[in-house]
Amino acid sequence: MTRYPLLLIALAAATMAETPTSKEVEAVYPDAQAFYLDLHTHPELSGHETQTATKLAERLRNAGYEVTEKVGGTGVVGVLKNGVGPTIMLRTELDALPVEEKTGLSYASKVQAKDDAGHDVPVMHACGHDLHMASLLGTAEIMARTKNTWHGTLILVGQPAEETITGAKKMVADGFLTRFPKADVGVALHVANDLPAGKIGIAPGTYDANADSLRITIYGKGGHGSAPHTAIDPIVIAARTILALQTIPSREVKPGEMAVVTVGYIRAGNKNNIIPDEAELGLTVRTYKADVRKQVLAAIARITKAEATAGGALREPTIEHYESTDSVYNNPALAERLKGTLESALGKDNVEIQPPHTASEDYSVFVEQGIPSLYFSLGGADPQKFAEAKAAGTTLPSNHSSLFAPDVDPALHTGIKAEVAVLRDLLNSSSDDLHKLTATRQP
Ligand SMILES: [Zn+2]
Ligand SMILES: [Zn+2]
């Protein structure tokens with residue numbers, strides 16, 4: 001009989017430990033907010049996040065973490081050991097994008113930098129990775145101050161070059177999984193404007209899409225613009241190819257399956273009266289399922305070659321598959337458990353189940369290396385503007401837009417609270433329990 005009250009007390013203590021209080025969040029918020037504003041004003045391009053990495057490393061060190069820099073380029077790994085228990089990883093990206101900020105915010109970026117091709121480009125945190133870093137910092141500080149609420153090892157990861165889907169691979173190649181304790185479970189979040197700030201979105205199973213980047217070069221035969229009969233026009237072949245590629249999602253892929261084929265750029269020629277020798281197309285291809293991905297890539301090759309043949313090209317086009325990443329898979333059992341945790345911390349109405357996103361992420365590299373994970377969405381939209389846009393049937397500027405401007409205060413508060421809640425839950429389990437929980441199907 002006496003056991004039950006003890007059990008209840010133990011359960012209550014565990015639950016309380018998991019749910020971060022507003023007081024805990026407010027105590028670190030000024031620091032996290034200042035970090036956000038600094039990062040937002042000083043964005044850096046993928047693979048060049050040197051100042052960003054230094055700042056993050058310094059702050060984690062100050063918070064008590066053992067920090068290693070330059071992991072896979074500019075990657076940062078902070079480790080906090082706190083007795084026997086599981087190893088849990090929380091990851092943020094470090095990089096910004098070549099976008100000119102047009103938000104008009106007082107802290108808008110005015111940064112210009114050279115890209116890898118040597119071009120001067122504007123730089124903006126248009127994907128919100130600055131918010132992820134600020135949230136991770138606030139979370140890091142709370143976890144370090146409240147070591148009595150958890151046990152185990154916490155690993156914080158600042159990953160470079162997410163936007164070029166190369167950073168995670170480089171960190172793994174640089175020994176991320178062997179130089180540091182291997183995580184039993186991983187967690188990451190991404191801010192987005194398809195949810196109002198204050199809310200969290202969870203997509204159990206497939207979180208986002210497979211992404212494949214292709215560079216197609218079509219070879220024609222240059223000549224005078226007035227004498228097309230003496231030339232083979234690669235622009236006309238390219239134009240037909242672009243239209244024919246659109247029949248892949250609409251005519252070849254089974255209705256209901258997700259497939260996107262976007263030609264994001266076409267480059268050919270530089271004067272109106274010259275037929276150029278070549279035309280280059282840049283494509284991004286997005287799919288959810290492995291078999292659909294295979295089908296779409298094969299169809300692109302078939303159509304591109306056939307259109308070149310139809311246009312009388314003298315050489316077969318080249319198709320370079322220069323970047324790719326697999327979709328991020330959210331372990332369903334883990335998603336179900338952490339949904340409950342997030343509901344306790346944020347309120348039931350603030351946690352939504354979402355369908356998969358068409359965007360892509362190289363966080364999948366960590367999942368494929370055997371770290372079952374939950375990658376969830378953090379609402380970023382000003383709730384009032386979100387409601388107005390919804391009523392008007394429009395959408396707010398999305399990630400990568402020059403106008404992307406998350407509602408920082410509620411989003412950052414929610415990000416910190418959500419991360420602490422999830423980490424405390426996981427860091428009150430045992431490795432064995434987490435292995436049992438996540439022993440469901442992996443992609
Ligand atoms: Zn992005
Ligand atoms: Zn992003």
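**Ile200 and its surroundings**

Ile200 touches Leu195, Leu342, Leu346, Asn350, Val351, Glu352, Phe376, Ser377, Leu378, Thr414 and Ala418, not counting residues up to four places away in sequence; contact means heavy atoms within 4.5 Å. Ile200 belongs to strand 8 (residues 200-202), where helices (H or I, at least four residues) and strands (E, at least two) are DSSP runs numbered from the N terminus. Ile200 is buried, with a relative accessible area of 0%; buried means under 20% relative accessible area, exposed over 50% and partly exposed in between (1.4 Å probe, protein chains only). Between Ile200 and Val351 the C-alpha to C-alpha distance is 4.9 Å, although 151 residues separate them in sequence.

**Basis of the model**

This is a predicted model, in which local features need pLDDT of at least 70 and side-chain atom pairs count only at pLDDT 80 or more, while totals for chains, interfaces and linings use all residues. Residues are numbered from 1 along each chain as its sequence is written, chains are lettered from A and ligands numbered from 1 in the order in which they are written, and side-chain values use heavy atoms, with hydrogens and water left out.

**Thr153 in strand 6**

Thr153 lies in strand 6 (residues 152-159) and is buried, its relative accessible area being 9%. Apart from neighbours within four places in sequence, the contacts of Thr153 are Val79, Leu80, Lys81, Pro86, Thr87, Ile88, Pro181 and Leu427.

**Helix 9**

The 21 residues of helix 9 (residues 290-310) should span 30 Å at 1.5 Å a residue, and the end C-alpha atoms are 30 Å apart, which agrees; the expected span is 1.5 Å times one less than the number of residues. Buried residues of helix 9 are Val292, Arg293, Val296, Ala299, Ile300, Ile303, Thr304, Glu307 and Ala308. They cover an arc of only 155° around the axis, and therefore lie on the same side of helix 9; the arc is that of the directions from the helix axis to the C-beta atoms.

On the other side of helix 9, Ala290, Asp291, Lys294 and Thr309 are exposed. The cover over the buried residues includes strand 10 (210-219), helix 7 (234-245), helix 8 (247-252), strand 12 (259-267), strand 14 (278-287) and strand 15 (318-325). Just after helix 9, Gly312 has a positive phi of about 80°.
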